[in-house]
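Colleague: Hi! Could you walk me through some helix packing here?
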Amino acid sequence: MTQETVLGPLDGNTLKELARVICGDDHLYYRRGFEIAQFLENAGWRNVPEYDGEYRGEWTLQLLTARRDSPTELEKVLVRLADAREYLEEPDVLPTVVNAVNTFLVHEGFRLENPGGRPRVVVCDPAMAHPGQQAPVELKATMAEIIREARMAALLQRRLDEARTCYVNGAHVAAIIMLGSLLEGVLLTVIQERDASLLGNKDPDFIGLKALIGICHKEGWIDVDMERFSQALREYRNFVHPRCEFREAHTPDRDTLTVSWYVVNGALNDLAASQPAAGA
């Protein structure tokens, strides 16, 4: 590594999760006992004991705990987990492993990344662990409770998940654009499912978000506060066009994104609460 170590001593639960990822399972890169020892050596550890047949997880956790006060040693392990050379036979597993590590490492204030194939550990905000959950409005409904069409509900849920990924990686503008796209998709689908005649002669493929917000508010499906804030989110969503952002004096930051989560959570909650009863 060429950068100075940034890690401090890791929490015991963090070490347990780290041991789990190193060992792997059906969903991660599985390592047998002797392969774990080889992995640690590849990471740059010296004097790694020979695997003695114990349970892999317990054995790995013991080794990590023994070097808990050596941040450099633990950083070597993390960086190796994001090294493509570990997965030459299964290259597609690398992003999965990195994501698995970041789900718990973020609570320590760090994140593992692999830009351009150069793995590293960087500092991040622990608040990124649960984007939107710190917002004044907590999301109380699932996409499937708002959208009846299962495939569309799954697609929109993926957009929400991708917005969270952008949040975690500090891509504020990308996250806001994704949230605006999500809101547009939800509102259009809700209108089509509840009363498609409300679209009038407008082509669903070309109707704008402003009109969709107006229709849902007029029908009482979203409250006036969400209607007003959704229009503000719509304007930021338009930053998908660089010229729109260029004309503005304000560049969206994490505070802007937090407000955007507030808007989306509130609007989705309103839509769920106004869902007509089955058979109505």
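Colleague: How do α8 and α9 cross?

Modeller: The axes of helix α8 (residues 172-195) and helix α9 (residues 209-218) cross at roughly 50° and come within 9 Å. That makes α8 oblique to α9, as angles under 35 degrees count as roughly parallel, over 145 as roughly antiparallel, 65 to 115 as roughly perpendicular and the rest as oblique. This is a predicted model, where local features need pLDDT of at least 70, side-chain atom pairs count only at pLDDT 80 or more, and totals for chains, interfaces and linings use all residues. Residues are numbered from 1 along each chain as its sequence is written, and side-chain values use heavy atoms, leaving out hydrogens and water.

Colleague: Which residues of α8 and α9 make the contact?

Modeller: From α8, Gly 180, Leu 183, Glu 184, Leu 187, Leu 188 and Ile 191; from α9, Leu 209, Leu 212, Ile 213, Ile 215 and Cys 216. Contact means heavy atoms within 4.5 Å.

Colleague: And what is that contact like by class?

Modeller: The contact of α8 with α9 has nine nonpolar, one polar and one charged residues.

Colleague: Switching topic, at what angle do α10 and α12 pack?

Modeller: About 130°, with the axes of helix α10 (residues 224-237) and helix α12 (residues 254-273) 9 Å apart. α10 and α12 are therefore oblique to each other.

Colleague: Is their crossing left-handed or right-handed?

Modeller: The crossing of α10 and α12 is left-handed, meaning the near helix is turned anticlockwise from the far one by less than a right angle.

Colleague: Which α10 residues meet α12?

Modeller: Met 226, Phe 229, Ser 230, Leu 233 and Tyr 236 do, and their partners in α12 include Tyr 262, Val 263 and Asp 270.

Key:
Axes fitted to C-alpha atoms, helices over the stretch in contact; angles between N-to-C directions. Helix = DSSP H or I, 4+ residues; strand = E, 2+ residues; numbered from the N terminus. Nonpolar A, V, L, I, M, F, W, Y, C, P; charged D, E, K, R; others polar.
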